[in-house]
Amino acid sequence: MTMMYTPTIPPPDPNTRTPKFKLPKLSCDAHCHIFGPGAKYPYAPDRSYTPPDAPLEDFRALHAKLGVERAVIVNASVHGTDNTVALDAIAQSNGAYRAVANIDDTITERELRVLHEGGFRGCRFNFVRHLGGVPDKRVFNRIIAMVAPLGWHIDLHFDAIDLPEYADMLTRLPLSYTIDHMGRVKASDGLDQLPFKILIELMQRDEKCWVKICGSERVSSAGPPFTDAVPFARKIVETAPDRIIWGTDWPHPNVKAMPNDGDLVDLIPLFAPEQEFQQKILVDNPARLFGFDQ
C-alpha cells in the first residue's frame with residue numbers, strides 16, 4: 001500500500017554547487033540522513049516533523065557531486081526505532097557506509113547484533129527540546145550497558161544551553177561519545193559563551209569526547225554563507241584534531257536557512273587550512289571511530 005505524507009519541512013537545495021575545495025581521497029560525510037521514500041520506509045506515527053523524501057539515489061548523487069566517498073547515516077528520528085533504511089543503504093554500499101541507530105531499551109541482544117553486523121557503530125540520543133527532550137535516564141543507562149561491549153559510541157544531540165548541566169555526566173560515561181553540530185552553540189553569543197567554553201573544556205579533559213563540526217547553518221546567526229560559524233569550528237579543531245569529524249547534515253531538517261552543500265564543503269578549509277588536519281577530520285578520524293578499512 002502506498003502511503004502519502006504531507007511534508008512539514010522544506011527539501012534540500014536541489015542545485016548542489018560543485019565545491020572549489022577538493023576533498024581528500026576516502027573523505028567521509030560523517031553526519032547525514034536518508035529519508036524514506038515513505039512508501040517503502042514509513043515514517044514513525046509519533047514523529048515531530050514530516051520530511052520530503054530524500055532517498056538513497058539522491059544521497060548518492062549529492063556525494064558524487066561533492067567528492068565524498070564514505071558516509072555515516074545517522075538514522076533520523078522521523079523513522080523512529082526502525083533502522084531498516086540505513087541498514088539497506090549500507091548493504092548496497094560495498095563497505096562505504098556505516099550508520100548510527102535510533103534504538104530504545106526494548107531492543108534485544110539479537111537485534112542489536114544484527115545492526116552491528118550490518119554496519120552500525122553507534123546509537124543516538126536526542127536531548128533537544130523540539131525533538132522530544134531528555135531521554136529517560138533508566139533507558140539511557142540500560143542502552144549504554146548494552147552497546148558498550150560492542151565497542152559502539154553514543155551520538156548526542158544537545159541544545160547548547162543544556163551542555164553545562166550534562167558535562168559531568170558525560171565525563172563519567174564508559175564509552176566514547178560524539179556531540180552533534182558543535183553543540184548547537186549560537187554564533188552571536190561569541191566564543192566566550194558558557195556552553196562553548198564547557199564544550200572546549202570537555203574536549204580538553206575527556207578523551208572520550210568527539211565533536212562534529214557540522215551544522216554551520218544551525219550555529220550561524222548571520223545566515224548564508226554561515227562564515228560566522230567558522231571561529232567556533234576552528235577553535236574545536238585546534239583543541240582536539242584527533243577527535244573531530246565532519247558532515248553535511250544533508251538533507252538539513254528543521255533549519256532556518258537552507259544551505260547549499262557545495263558551500264558547506266567550501267567552509268572546510270576555513271575550519272582547517274592545514275592539510276594534515278583535513279586528512280584527520282575527513283578520512284583518518286571517521287575511519288577510526290566507525291571502523292572503515294584504511
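**View 1. Strand 5 and its pairing partners.** G122 has H153 in strand 5 as its bridge partner. Five bridges join strand 4 (residues 120-126) to strand 5, and the two run parallel. Strand 5 is also joined to strand 6 (residues 177-179), in parallel, by three bridges. Here I154 stands opposite Y177 of strand 6. Strands are DSSP runs (E, at least two residues), numbered from the N terminus; pairing requires at least two DSSP bridges between two strands. This is a predicted model: local features need pLDDT of at least 70, side-chain atom pairs count only at pLDDT 80 or more, and totals for chains, interfaces and linings use all residues. Residues are numbered from 1 along each chain as its sequence is written, and side-chain values use heavy atoms, with hydrogens and water left out.

**View 2. Burial of strand 5.** Five of the five residues of strand 5 (residues 153-157) are buried, so the strand is largely enclosed by the rest of the structure. Buried means under 20% relative accessible area, exposed over 50%, partly exposed in between (1.4 Å probe, protein chains only). H153, D155 and H157 cover one side. I154 and L156 lie on the other.

**View 3. Cysteines C28 and C32.** The structure holds zero disulfides (pairs of cysteine sulfur atoms within 2.5 Å). The sulfur of C28 is 7.4 Å from the closest cysteine sulfur, that of C32, too far for a bond. C28 is buried at 1% relative accessibility. C32 is buried too, with a relative accessible area of 0%.

Technical notes. Helix = DSSP H or I, 4+ residues; strand = E, 2+ residues; numbered from the N terminus.
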